[in-house]
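Take a look at the model below. The text then walks through its fold, its metal site and a few local details.

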Amino acid sequence: MAILPIVQYPDARLSTPCKPVTEFTEELKTLAADMAETMYKAPGVGLAAPQIGRLIRMVVIDVSEEKNDLRVFINPVLSPVDEELIEGEEGCLSLPGLYEKVKRPAHVHVKAQDLEGKVFEYDCDGLLAVCIQHECDHLDGVVFIDHLSRLKKSRAAARLTKMRREKAREAKAE
Ligand code: K1U
Ligand code: ZN
């Protein structure tokens, strides 16, 4: 297994729609395992393939406290279960240090394939519902700050640049 470098915003790979997975190979299983290891190490609760530079429709998620409930979703398709919306704070491993409130459907139905290509589906709520929507956005070339107004997005991007500059300055001073 391997820890992979995480692509950082505004890399073009984060704004490119991903292609469906058509072959369920050993290489795909290794990639999923590497993505999981990268997510746990970060640490994060989810990771989408474009975040490690692979433009394919695969995400890994583990929202459990114990970090023992790894879920792999291949070619996921989401649909809202009802009309309820929930506003929650989101972060992203590709925009580290930035947290913003995003409003999304509170309950979603997911239909996806597993690493063998077998189709499964169920309803998601809570952090899982938020996380799977955030990760599926990545597969469509969307990052969470794209959900903000133009003004809030540009302020968020400016804050990110400032944080990165400060971090680089600190690293240089060490
Ligand atoms: O896509 C990503 O970069 C992963 C992202 C997923 C996510 C978090 C919160 C709301 C929606 C989606 C993260 O995991 S960011 C890190 C984070 O928020 C976190 C890290 C450890 C424990 C709990 C949360
Ligand atoms: Zn993200």
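Helices (H or I, at least four residues) and strands (E, at least two) are DSSP runs, numbered from the N terminus. Helix α2 covers residues 126–139. His 134 and His 138 both sit in it, 4 residues apart, so about one helical turn separates them.

Some ground rules come next. This is a predicted model, in which local features need pLDDT of at least 70 and side-chain atom pairs count only at pLDDT 80 or more, while totals for chains, interfaces and linings use all residues. Residues are numbered from 1 along each chain as its sequence is written, chains are lettered from A and ligands numbered from 1 in the order in which they are written, and side-chain values use heavy atoms, with hydrogens and water left out.

The protein donors of the zinc ion (ligand 2) are His 134 (NE2), His 138 (NE2) and Cys 92 (SG). They lie 2.1 to 2.3 Å from the ion. Donors here are N, O and S atoms within 2.8 Å of the metal (3.2 Å for Na, K and Ca); water is not among the atoms, so sites may look incomplete. Along the chain the spacing of the donors reads C-x41-H-x3-H. Are His 134 and His 138 buried or exposed? Both are buried. Buried means under 20% relative accessible area, exposed means over 50%, and partly exposed is in between (1.4 Å probe, protein chains only).

Contact means heavy atoms within 4.5 Å. Gln 51 is placed in the loop between β1 (46–48) and β2 (58–61). Its relative accessible area is 1%, so Gln 51 is buried.

Now step back to the whole chain. The protein has 3 helices and 7 strands. In sequence order the pattern is α-β-β-β-β-β-β-β-α-α. Its radius of gyration is 16 Å, which agrees with the value near 16 Å for a compact globule of 174 residues. That radius is taken over C-alpha atoms, and the globule rule is 2.2 Å times the number of residues to the power 0.38. Along the principal axes, the C-alpha atoms fill a box of roughly 50 × 40 × 30 Å.

Of the 174 residues, 39% are buried. Take the contacts between residues at least 6 apart in sequence: 64% of them join residues at least 24 apart. The protein exposes about 9,800 Å², and carbon and sulfur atoms supply 53% of that area. Accessible areas come from the Shrake-Rupley method with a 1.4 Å probe; for residues, only the protein chains shown count as cover.

Backbone geometry holds some exceptions. Most residues other than glycine have a negative phi, and most peptide bonds are trans. Tyr 9 and Pro 10 are joined by a cis peptide bond, with omega about 5°. Pro 10 is in the segment before α1 (26–41). A cis peptide bond also joins Ala 42 and Pro 43, with omega about -5°. Pro 43 is in the loop between α1 and β1.

Lys 67 has a positive phi, near 55°. Lys 67 is in the loop between β2 and β3 (71–80). Its relative accessible area is 34%, so Lys 67 is partly exposed. Asn 75 has a positive phi as well, near 50°. Asn 75 is in strand β3. At 15% relative accessible area, Asn 75 is buried.

Asn 75 is also one of the residues that Phe 24 touches. Phe 24 is in the segment before α1, and is partly exposed at 27% relative accessibility. Its partners also include Ile 74, Gln 113, Asp 114 and Leu 115. Phe 24 and Asp 114 are 90 residues apart along the chain, yet 8.9 Å separates their C-alpha atoms.

Finish at His 107, in the loop between β5 (100–105) and β6 (108–113). Its relative accessible area is 22%, so His 107 is partly exposed. Among the residues that His 107 touches are Pro 80, Val 81, Cys 124 and Asp 125. His 147 is 40 residues from His 107 in sequence and 18 Å away in space, C-alpha to C-alpha.

Conventions: Lists of a residue's contacts leave out its neighbours within four places in sequence.
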